[in-house]
Amino acid sequence: MELGTLRKIVLRFLFLPIAISMAPAVSAQTFITVASTTSTEQSGLFRHILPRFKRKTGIEVRVVALGTGQALDMGRRGDADVVFVHAKSAEEKFVAEGHGVKRLPVMYNDFVLIGPKADPAKIAGSKDTLEALRRIRAAAAPFVSRGDRSGTHSAELALWKQAGIDPATNKGPWYRDTGQGMGPALNSASSMNAYILSDRGTWISFKNRGNLTILVAGDRRLFNQYGVILVNPAKHKHVKKEPGQAFIDWLVSPEGQKAIAEYSIGGERLFFPNAGQEGA
Amino acid sequence: MNDLTLAFGEAFALISGLDARLIEIVVLSLQVSVMAVAIAAIVGLPLGALFAVAHFRGRQAVIVLLNALMGLPPVVVGLSVYLLLSRAGPLGPLGILFTPTAMIIAQVILITPIIAALSRQSIEDAWHEYEEQLRSLGANRLRASVTLLWDTRFSLVTILLAGFGRAAAEVGAVMIVGGNIDGVTRVMTTAIALETSKGDLPLALGLGIILVGLVLTLNAAANLIKEAALRRYG
Amino acid sequence: MLPLVLNAVCYAVNGRAIIERVSVEIGAGPRTIILGPNGAGKSVLMRMCHGLLQPSAGKITWHGGNGNRRGRQSMVFQRPVMLRRSALANVVYGLKLAGFAARECNLRARDVLEAVGLERQADRPARTLSGGEQQRLALARAWALGPEVLFLDEPTANLDPGSTRDVESIIAAIHATGTKIIMSTHNLGQARRLGDEILFLSQGKLVERAPVDAFFKKPATVEAAAFLKEELPWN
C-alpha cells in the first residue's frame, strides 16, 4: 500500500472519533444526559418530542435507555443529569434520599394485559385486572414476567399483590420469570402463547405478535404514571442544572405537554399528559 | 425462512435508499473499531515482538496470561470500564462515559491481548528462522524485534483483521459504556440489539447482514492487497 | 583480531558432549578448512568461534581478547536467510547495523553486488531469487562489511554444481582481498580445491591438523585415513 494513501486513511479515522468525543468539551452546543427506560425509548416518543425541544432551546438531549432500576442507579451515581421513569414509589424514595431535587408528574400511559386469542383463563373484555389475574392463576395458564426490576415489572408485582397472590410462591410451570426487556419478553410470550402485562406503546410497535391480542385494558389500575426528576446538583457538582431544569420545565409546560399528546402510532395515542395533576 | 427473505429485502432497501441514519451508524461503527485497532496495534505489536524475542524470568507465565486474556468476556470489560468512567468512579471527572471515546477504550482493552498474543506467536516462529542470521549481523534483541515486525508484516495484517473483526462484532461492552444513544453512540451491533428487543426481527437481521457484508468486504480487500504484495516481495 | 585461540573448548547439551576439549590456534593467511563427517561437530565449533554459542567449558579468545568482534568477522550459513526486501536492501541492512553512513551503505552495497554478479538483481525482492543467487547474496552481504575473518558453514551443501562453482570463485575473490577464510565442508573435492590447511574433526575432537596436500596424500591418523577412504563409522 502506498504510504500516502495509508497516511490519508489513518488521519481520517484517527481524528474523527477524537473530534466527536471532544465535542462535549469544546463545542458551543450544550447537551444533557437523561436516564430513561427502554420501553419509553422504544415507543418512539423521544424521536418525536426531543427535536422540538432542541429547536426551541438549542439543547441536545441524549437519552440512555435502561431498566427503571438501572436508570435511577445512573442518577444516584451522577452519570445522568435528569431521570425520567415511571415508578412513583421508587422515584419518591430517590428524592427522599437526596439524590433528586423534586419529582414532577409528566404523563401516563397504560398497561394492557395481553394473552392468546384462545384465552384459556377466559378474561377477555374484563375491566377488572385483579379478577383476571386470579383467573389466570386458577387456570395455571402460562404467564411471562419481565423479572428485571423495571417499572413494568414493579407494576406487575403490585397488581399480583393486590389480587392476593404471591407469584414467588406460585412459581410453577405457569409463572415464567424471564429477566428480559419488554420486547424480548413479548417475543417469549408470543412463542409460548402466554399471558403478559405490557405497556401499550411497546405492544403497538411490536411486530411479532403470533396469536396474542389485548384482552384487558382501560382499568384505572393499569395506568402507568411518569415522573421527571433533576439529579441533585448539591450531591453531584457537575450536573448540568440549568439545561436540565430547562428540559423539565419544557416537559411540564403547555408546549411540551402538547408535543407529548400529539405523538401517536397508527393513529393511536400512546401517552396522556397530566403535569400538575394532584396526586399523580 | 420467511423472516430471512424479509431480512434480505429490508437490507437491500436500507442500502439502496442510502438511509441517512444507517450511514451514520455504519460510519460510527467503523470509526470506533478502526481507531481501536490502531491503538491496540501500537500497543500490542511491540508487546508481541518483545515477548517473542526477549528472555526473562516468568516469560512462560506472561505468555499464558496473554493467551488467556484473549478470552476476556466483553460484558465484563464493559462493566469494569463503566465503573471506572462513571461519575462515581475514579475517572468520572473526565466525563467520557457514554461517548465514542469510552467505546474505543473498551474495545482497545478487548483486542490488545489478541493482537499481542497472536503477533507474539507469529514473530516467535519467524525468530526461530532468523535468529542466527540476525545475531550474526550484529542485531541486538531490540533491533531484531523491529526487523521482525516489518518482515512478518503480512501475517500481522491478518492478525489486525482478526482484531478488527472482534471489535466490530462486539456488543456487550459498547452497549454498557456507550449507552446506545441515538445519533451519538449507536453502532451496528447495538442497533441490532435494539431492533431485536423491539421485536423488529427483519430489520435487525437486515442490519446484521450489512454488518457481516462490511466485515467480509474489508477482509477481501485486505487479502487482495496482501496477495499482491506477497507476489512482489516474496 | 587474529590469531583466534581455542583452549580446551567443550560444548555439551543435556550431558551429551558435542565438542570435546578442542585446543587450537588459527592464524592469519592460509584458508582453513574444517573437515569431518556429518555429526562431527563442525557447525557447533564454527558457531562458538563466531560467538553465536557459548562454550560449556574452556575459553575462546581473539587476539588481545578485546572487543568489537562483530564488524570484523562475518558468517555465511548453509541456508541463506533473506529479509523480505530487495537484494540491495538486504546488504544495506548489514551495513547499517555495522554503523556505516547512509550514502556509504548504498555505494558499498552496489559495489559488492557487482563483484558477485548480482548487480542486475539489486532491486528484486531477495526471496524471489534462486537458491544459488541467494547464497551469492549472502556472501555479498558478509563481504560488504569488510570482515577480517569470514566463517562459512557448508555454504554449497544445498547448491547445484553450477552455483557451487560460482560460490567457490567468490570465496576465492574474498580471500584475495585479504580476508581470512574458515570454512567447513564434508566435500573432499571442495576441501582440496579451496583449502590451504585442514582441521579434521571426528566425534567432537580435533584429531588432525595438516596442510592440504600432506593431509590428502598421507593422513597421519586412523580416523582421517578411514574418512578419506569413506569408511569412517557413523556416531
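Helices (H or I, at least four residues) and strands (E, at least two) are, in this tour, runs assigned by DSSP and numbered from the N terminus. The model on display is predicted.

**Stop 1: chain A**

Please select chain A and colour it by secondary structure. Chain A contains 11 helices and 12 strands. Of its 280 residues, 45% are buried. Among the contacts in chain A with a separation of 6 or more, 75% are between residues 24 or more positions apart.

**Stop 2: where chain A touches chain B**

Next, display chains A and B together. Two pairs of chains touch, and the pair formed by chains A and B has the most contacts. On this interface, 27 residues of chain A are in contact with 26 residues of chain B. To see which parts of chain A take part, select α1 (3-26), β2 (60-66) and α8 (182-192) of chain A; these are the elements that give two or more residues to the side touching chain B. The largest share is that of α1(A), with 7 residues. Colouring this side of chain A by residue class shows 12 nonpolar, 11 polar and 4 charged residues.

Chain A and chain C are joined by no contact, and their closest C-alpha atoms lie 15 Å apart.

**Stop 3: the largest nonpolar core**

In soluble globular proteins, nonpolar side chains tend to be buried together. The largest nonpolar core here has 108 residues. Select Val82(A), Val83(A), Ala102(B), Ala106(B), Ile115(B) and Val177(B), which touch the most other members of this core. Then highlight helix α5 (residues 100-136) of chain B, which gives the most to the core, with 17 residues.

Centre the view on Ile115(B). Which residues does Ile115(B) touch, not counting residues up to four places away in sequence? They are Ala40(B), Ala41(B), Gly44(B), Leu45(B) and Gly48(B), together with Ile159(B), Leu160(B) and Gly163(B). Apart from this core lies another, of 65 residues, including Ala98(C), Ala126(C), Ile198(C) and Leu206(C).

**Stop 4: Thr190 of chain B**

Remain in chain B and select helix α9 (residues 188-197), in which Thr190(B) is found. Is Thr190(B) buried or exposed? With 22 other C-beta atoms within 10 Å, Thr190(B) is buried, because the cut-off is 20 or more. Show Val171(B), Val174(B), Met175(B), Gly178(B) and Asn180(B) as well: Thr190(B) touches these residues, leaving aside those up to four places away in sequence. For a distance to display, take the C-alpha atoms of Thr190(B) and Ala169(B), which are separated by 9.9 Å and belong to residues 21 apart along the chain.

**Stop 5: chain C as a whole**

Hide the other chains and select chain C. The secondary structure of this chain comes to 8 helices and 9 strands. The C-alpha trace spans about 50 × 40 × 35 Å along its principal axes. Chain C has a radius of gyration of 18 Å, which agrees with the value near 18 Å for a compact globule of 235 residues. Buried residues make up 43% of chain C. Of the contacts in chain C with a separation of 6 or more, 66% are between residues 24 or more positions apart.

**Stop 6: the sheet of six strands in chain C**

Select the strands in the order β5-β6-β7-β3-β8-β9 of chain C, which form an open sheet of 6 strands with mixed pairing. At its edges are β5 (73-76) and β9 (205-211), each of which pairs on one side only. From one strand to the next, the twist averages 15°.

Within this sheet, zoom in on β3 (residues 32-35) and β8 (residues 197-202) of chain C, which run parallel and are joined by 4 bridges. Ile34(C) has Leu199(C) as its bridge partner in β8(C).

**Stop 7**

Finally, select β2, β1 and β4 of chain C. These 3 strands form an open sheet in the order β2-β1-β4, with antiparallel pairing. Why do β2 (16-26) and β4 (57-61) of chain C stand at the edges? Each has a single partner strand, so one side of each is left without a neighbour in the sheet. The twist in this sheet averages 20° from one strand to the next.

Strand β1 (residues 4-13) of chain C runs antiparallel to β2(C), to which 7 bridges join it.

Definitions and conventions:
Residues numbered from 1 in each chain as written. Chains lettered and ligands numbered in written order. Predicted model: local features only at pLDDT ≥ 70, side-chain atom pairs only at ≥ 80, totals over all residues. Contact = placed C-beta atoms within 7 Å. Core = buried A, V, L, I, M, F, W, Y, C linked by C-beta atoms within 7 Å. Buried ≥ 20, exposed ≤ 12 C-beta atoms within 10 Å, placed from the backbone. Nonpolar A, V, L, I, M, F, W, Y, C, P; charged D, E, K, R; others polar. Pairing = 2+ DSSP bridges. Axes fitted to C-alpha atoms, helices over the stretch in contact; angles between N-to-C directions. Rg over C-alpha atoms; globule rule 2.2 N^0.38 Å.
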